[in-house]
Amino acid sequence: LRLLEPVVGSCDLGEKSTAYAFSRFTEVWAKLGVWNLRGVELACHLDSDMLVLRNMDEVFELLPPPPARLAACFACTCNVNRSPLYPESWTPESCHYTCSTAGRPPPAARYFNSGLFVFRPSAAVAAQMREALLAEPDLKRFPFGDQDFLNEFFPEWVDLSFVYNALKTLSVFHREVWDSQPVKNIHFIHDKPWDDQGRGEGPYQALNAMWWDIYGGGARKDGGVPSDI
């Protein structure tokens with residue numbers, strides 16, 4: 001374990017107005033501290049609400065040499081339920097996954113989910129991030145916190161297969177994508193399995209139960225990955 005110097009702290013941003021989609025995004029800026037890793041040429045960040053099912057060491061080979069600086073997976077921007085928490089521009093027609101399964105050209109706006117990304121740690125980049133954030137009069141244009149900021153900071157990001165950051169919602173709204181390749185890493189966005197404990201009903205109940213099974217060690221007895229994932 002290493003203690004990382006934050007790019008910005010709560011005291012730096014505490015006076016800035018925000019409009020976060022979810023209150024928990026108040027703390028997501030801590031993630032930027034990974035750019036302050038020392039003695040590491042290449043790294044992969046994973047959010048703590050992920051479940052790695054298969055080896056994916058190859059991600060370290062998927063970020064091309066400089067000037068490429070970051071590789072990540074597309075976010076799903078469907079907003080099928082038309083939640084007011086999401087941008088109005090998020091519709092099925094604007095979603096990368098909808099376009100890819102329909103054989104249509106990709107949407108002009110490219111937007112990644114910041115739950116997983118491959119990057120090159122750099123104190124200089126961390127300093128540039130800090131300067132950019134401190135120069136913002138407020139943070140209202142970053143409702144998804146670090147994710148919105150990183151998409152703006154790295155506009156030329158390299159796209160990775162969804163299997164490395166398989167948003168659990170893809171299993172419902174983009175089942176064709178979900179079934180197209182063996183998932184390597186599930187991202188439990190929104191409600192978390194540890195709050196559910198495998199009980200109740202809903203479209204993600206099987207995934208939540210699997211998280212608890214692996215957490216408890218049961219799934220590791222036969223390899224840990226159900227045949228239908």
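C76 is buried, with a relative accessible area of 16%; here buried stands for under 20% relative accessible area, exposed for over 50% and partly exposed for what falls in between (1.4 Å probe, protein chains only). The model is a predicted one, in which local features need pLDDT of at least 70 and side-chain atom pairs count only at pLDDT 80 or more, while totals for chains, interfaces and linings use all residues. Residues are numbered from 1 along each chain as its sequence is written, and side-chain values rest on heavy atoms, with hydrogens and water left out.

To stay with the cysteines for a moment, the sulfur of C76 has its closest cysteine sulfur in C78, at 3.9 Å, which is too far for a bond. C99 is likewise buried, at 3% relative accessibility. Its closest cysteine sulfur belongs to C95, and the 7.3 Å between the two is too far for a bond. The structure as a whole holds zero disulfides, a disulfide being a pair of cysteine sulfur atoms within 2.5 Å.

Turning to the overall fold, the chain contains eight helices and seven strands, assigned as DSSP runs (H or I over at least four residues for helices, E over at least two for strands) and numbered from the N terminus. With a radius of gyration of 18 Å, close to the 17 Å that the globule rule gives for 229 residues, the chain is as compact as a globular protein of that length; the radius is taken over C-alpha atoms, and the rule is 2.2 Å times the number of residues to the power 0.38. Along the principal axes, the C-alpha atoms fill a box of roughly 50 × 40 × 35 Å. Of the 229 residues, 46% count as buried. Among contacts with a separation of 6 or more, 71% come from residues 24 or more positions apart, where contact means heavy atoms within 4.5 Å.

The accessible surface of the chain comes to about 12200 Å², and carbon and sulfur atoms account for 53% of it; these areas come from the Shrake-Rupley method with a 1.4 Å probe. The chain carries 21 positive and 29 negative side chains, with the centres of the two sets 1 Å apart. Lys and Arg are counted as positive and Asp and Glu as negative, leaving out His and the chain ends, and each charge is placed at NZ of Lys, CZ of Arg, CG of Asp or CD of Glu.

Helix α4 (residues 146-153) is largely enclosed by the rest of the structure, because seven of its eight residues are buried. These are D146, Q147, D148, F149, L150, N151 and F153. Their cover includes β4 (112-119) and α3 (123-135). A contrasting case is E176, in helix α6 (residues 175-178), which counts as exposed at 59% relative accessibility. E176 and H96 lie 80 residues apart in sequence and 13 Å apart in space, C-alpha to C-alpha.

The backbone has some points worth a look. Most residues other than glycine have a negative phi, and most peptide bonds are trans. The bond from P66 to P67, however, is cis, with omega near 20 degrees; P67 sits in the loop between β2 (50-52) and β3 (70-74). R82, not a glycine, has a positive phi of about 55 degrees. It lies in the loop between β3 and α2 (96-102), and counts as partly exposed at 43% relative accessibility. H190 also has a positive phi, near 65 degrees, in the loop between β7 (185-187) and α7 (193-196). At 29% relative accessibility, H190 counts as partly exposed.
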